[in-house]
Amino acid sequence: MLKVGLTGGIASGKSEVGAMFVALGAYLVQADGIAHELMQPGQAVYHEVVAQFGIEILNPDGTVNRPKLAEAAFGRKPGAGNPRVQELNRIVHPAVVRRQEEWMEEVGRGDPGAVAIVEAALILEAGAARRFDRLIVVTCTDEQRAARFAARQSIDLEAARKEVARRMAVQIPEAEKIKAADFVIDNSGSLERTREQVQQIWEKLHARGGAALQRRVKHL
């Protein structure tokens with residue numbers, strides 16, 4: 001099995017690219033979905049987050065209000081050095097990484113030649129890059145990032161620019177992510193152009209995954 005990390009800045013198009021890989025035959029899990037699951041009432045992560053950030057981040061039904069949690073964590077001090085952001089990451093990241101590992105092991109047992117992709121914005125920030133055989137970074141222009149975020153959140157463009165800047169401030173700069181990547185997908189052009197890049201990378205990933213399976217079979 002080939003373990004692949006898929007990352008990139010906010011609103012770069014990771015999910016869109018991930019769906020393209022799935023259409024070609026890859027397995028995929030989204031770290032954001034795992035984190036959402038772990039922050040459901042009754043989960044250990046939920047209780048620790050509420051203990052650290054207070055009941056003010058909760059909805060009336062007891063579930064976590066994610067915008068309120070983001071506001072409590074990012075607050076008025078953007079940047080990777082924000083201790084509130086660091087505290088949230090300390091609680092959530094290890095649990096998410098463990099669940100990702102469990103998922104990849106399960107995929108590998110069912111399909112030893114699989115290409116298993118974890119889509120996560122903070123792979124490098126969480127120190128999890130070493131857990132993958134290959135790392136893919138998705139990029140786009142700053143203006144596209146803001147426009148996509150505005151459309152996704154149904155907010156005006158200026159508000160989107162500010163929120164994107166705030167969130168990007170706590171992430172590793174995109175230039176550093178690109179340096180760490182095995183593959184870079186430029187998602188600033190047409191969907192067709194993005195799909196062509198995905199196809200080219202998939203052929204390389206699939207070939208390596210198959211080769212790894214053949215080596216394993218020979219050793220059995």
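Trainee: How much accessible surface does the protein chain have, and what share belongs to carbon and sulfur atoms?

Mentor: Areas here come from the Shrake-Rupley method with a 1.4 Å probe, and for residues only the protein chains shown count as cover. In this case the chain exposes about 11500 Å², with 52% belonging to carbon and sulfur atoms. Keep in mind that this is a predicted model: local features need pLDDT of at least 70, side-chain atom pairs count only at pLDDT 80 or more, and totals for chains, interfaces and linings use all residues. Residues are numbered from 1 along each chain as its sequence is written, and side-chain values use heavy atoms, with hydrogens and water left out.

Trainee: How many helices and strands are there?

Mentor: Helices (H or I, at least four residues) and strands (E, at least two) are DSSP runs, numbered from the N terminus. This chain has nine helices and five strands, in the order β-α-β-α-α-α-α-β-β-α-α-α-β-α.

Trainee: What share of the residues is buried?

Mentor: Buried means under 20% relative accessible area, exposed over 50%, partly exposed in between (1.4 Å probe, protein chains only). Of the 220 residues, 43% are buried.

Trainee: Is lysine 177 buried or exposed, and which residues does lysine 177 touch?

Mentor: Lysine 177 sits in helix 8, residues 174-180, and counts as buried at 2% relative accessibility. A contact means heavy atoms within 4.5 Å. Leaving out residues up to four places away in sequence, lysine 177 touches Thr7, Gly8, Gly9, Ala121, Leu124, Glu125, Val137, Gln171 and Ile172.
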